[in-house]
Amino acid sequence: MRAAYRTDLHRPLDPNLAVYGAYWNRGVACNPAAIHAKARELAPHIRGVWAVSSRHRDRMPPGVPYVIEGSRPYWRAMATATYLVNNSSFPGGFTKRPGQRYLQTHHGTPLKTMGLDQRAYPELARKTDFGKILAHVGQWDFSLSANPHSTGIWDRVYPGSYAHLDLGYPRNDVYFTATAEDIAKARTELGIHPDQIALLYAPTHRDYREGFVPDLDAERLARELGPDYVVLVRAHYFYGRSAGVGGSTQTGRVRDVTAHPRVEELCLAADALITDYSSLAFDYACLDRPIVVHAPDRDAYRATRGTYFDLLSGRPGDTPGAVTVTSGELVEVFRTGEWRSPASAALRTAFRERFCPYDDGHAAERVVRRLFAVPFAPPSR
């Protein structure tokens, strides 16, 4: 296979071929998915092919071309594509050729330490190959950013000669373009009654824990808040396709939505987000809906992973809404209405101004036109 790949490296680049990947070849998702969809509209001459691992091939939507990671078609595509788009990396390694254009979209705004900054945390440093990170960064031509904070962090922790594209996150376009009918459809498909308040609980990965150990008892929260509420639980993708909340709850007021293919649809369906250090908070802020930060392990998390600012400080621009560190506090935030109070709304406004300045529903178009050199249409007279 490697010998064949070396031969393919001498083939001409295909000027109309783009290879997409997301979350280490887990399927169609995130910024690459939004870019691919917009490219099919604005640059139909570009043939988009997805790289996917064999264990995730069942995630591929019907009609979307793909190649299996490590296969002969995969290596030929990697050798001959002019465009490479990923939010993480292409596993297995590849030789970046002159003339190839690699767009690194990333998959979130950095709150927790990233890249070279992880060297300060022994447990992270022990498991991280920083030489491999730098080699990967050396392949990038473009680095996508959703806000000035991200641009500054990427520039420091991923040093390289790439160009920054401060164009917003394409995956967030849907939060500006979705209609009332789209939102109603998403809620209906999840079995949420129109009169119910849907809370999306989406915590991030914990480097110091084995498996998914939520800091929130979803059953207790739903029970104490009563029948007007439904709790959607989504575990981080590192933990597989289930949050393990129990099969009997799927028809009740606690739903395991970890396997749902599009987190954006879950956000559209939710009336509020409960999260911790997940970058989903920055995306959800685009909806201008309440966000509650629930982080009982704040000291342990910051000691083992580190953060760039204190999300629980209550300072405008740092904190997106109400903050809780115990289950009792979390229940009270909803019982008292603090979750959607004027004070929480003011915090959310400052947070949006800091972290969502480029997101407006047109990020995918800007990226497609920049990457594939698609001119903007002249203004109509």
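These legends go with a few close-up views of a predicted model. Local features need pLDDT of at least 70 and side-chain atom pairs count only at pLDDT 80 or more, while totals for chains, interfaces and linings use all residues. Residues are numbered from 1 along each chain as its sequence is written, and side-chain values use heavy atoms, with hydrogens and water left out.

**View 1. The second largest pocket and its lining.** This pocket has a volume of about 150 Å³. (A pocket here is an open set of points on a 1 Å grid over the protein atoms alone, where a 1.4 Å probe fits, with protein on both sides within 12 Å along at least five of seven lines; lining residues have an atom within 4 Å of a point. The volume is the space filled by probe spheres set on the points, which are joined across faces, edges and corners.) Around it sit V174, A178, D182, K185, A186, E189, R262, E264, E265 and L268. Helix 8 (180–189) and helix 10 (263–269) are the elements giving two or more residues to that lining, and helix 8 has the largest share, with 4 residues. (Helices, H or I with at least four residues, and strands, E with at least two, are DSSP runs numbered from the N terminus.) By type, the lining splits into 4 nonpolar, no polar and 6 charged residues. (Ala, Val, Leu, Ile, Met, Phe, Trp, Tyr, Cys and Pro count as nonpolar, Asp, Glu, Lys and Arg as charged, and the others, Gly among them, as polar.)

**View 2. R171 meets D283 in a salt bridge.** N and O are 2.6 Å apart here; the rule asks for a side-chain nitrogen of Lys or Arg within 4 Å of a carboxyl oxygen of Asp or Glu. R171 is in the loop between strand 7 (163–166) and helix 7 (174–177) and D283 is in helix 11 (residues 280–284), so the pair ties together parts 112 residues apart in sequence. Both residues are buried. (Buried is under 20% relative accessible area, exposed over 50%, partly exposed in between, with a 1.4 Å probe and protein chains only.)

**View 3. R187 pairs with D271.** Their closest N and O atoms are 3.0 Å apart. R187 counts as buried at 11% relative accessibility, whereas D271 is partly exposed at 28%.

**View 4. R354 and D318 link up.** This salt bridge is 2.6 Å, N to O.
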